[in-house]
Amino acid sequence: MGGTMDGTKQQRRGNTRQRIQDVALELFAEQGYEKTSLREIAERLDVTKAALYYHFKTKEEIIVSLFEDLTQPIEELIEWGRRQPHTLETKQEIVRRYGQALAGAAPLFRFMQENQATVRELRIGDTFKDRMTGLRDIIIDPDASLTDQVRCISALFTLHAGMFVMRDLEGDPEDKRKAVLEVAIDLVTQAHQGGRTA
């Protein structure tokens, strides 16, 4: 398994489109989205502006493409979840996989937090809300009580909070990730059991 992970990393480094996305996010984080130009992104990448233009004509295109790439695994997760039985195992697996998808997109979430006006303008938030609704519909049982519905939604938000809030807590990042996941899984488990006993 280790081999494939390394392969993916190599591939990511060699893929110009993804290198542009990574470097753009770095620059946006360092000096702000508004202040960063395509020329600066090209310079840091050590490519010509024409080479950059071949992939992206504007900064907006870079951000939108990042969001599409991020929401792809979430989209696939929703598709997978819809085909599974409504069991506790399915729900726990969805929480686990969603946590992984979010962890892979941490720099992008930082961008969302720091550039809320841009996110609104590009209507990125809307796409993300749709995905959230799709996930919510899979982990909430149709006959769940209001309390259990809240638990399920809270499980997803716990994973989101883990992206931002937990950065300020002391401790090893991996331990924090596990703790966040444990709480999210506890919430869907409680909700699932609540639905059964009611």
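Buried here means under 20% relative accessible area, exposed means over 50%, and partly exposed is anything in between (1.4 Å probe, protein chains only). We're working on a predicted model, where local features need pLDDT of at least 70, side-chain atom pairs count only at pLDDT 80 or more, and totals for chains, interfaces and linings use all residues. Residues are numbered from 1 along each chain as its sequence is written, and side-chain values use heavy atoms, with hydrogens and water left out.

**Exercise 1.** Work out where T158 sits and what it touches.

*Solution.* Start with the element: T158 belongs to helix α10 (helices are DSSP runs of H or I, at least four residues, numbered from the N terminus). Next, accessibility: its relative accessible area is 16%, so T158 is buried. Now look for a polar contact, a pair of N or O atoms within 3.5 Å, one able to donate a hydrogen and the other to accept it; residues adjacent in sequence count only if both atoms are side-chain atoms. The T158 side chain gets to the backbone oxygen of S154 at 2.7 Å. Finally, contacts (heavy atoms within 4.5 Å): setting aside residues up to four places away in sequence, T158 touches V180, V183, A184 and L187.

**Exercise 2.** Check the length of α10 against its residue count.

*Solution.* The expected span is 1.5 Å times one less than the number of residues. With 19 residues, α10 should therefore span 27 Å, and its end C-alpha atoms are 27 Å apart, which agrees.

**Exercise 3.** Describe the largest nonpolar core.

*Solution.* A nonpolar core is a set of buried Ala, Val, Leu, Ile, Met, Phe, Trp, Tyr and Cys residues joined through side-chain atoms within 4.5 Å. The largest one has 54 residues, and I41, Y98 and F109 have the most contacts inside it. Its largest share, nine residues, comes from α5.

Terms used:
Helices (H or I, at least four residues) and strands (E, at least two) are DSSP runs, numbered from the N terminus.
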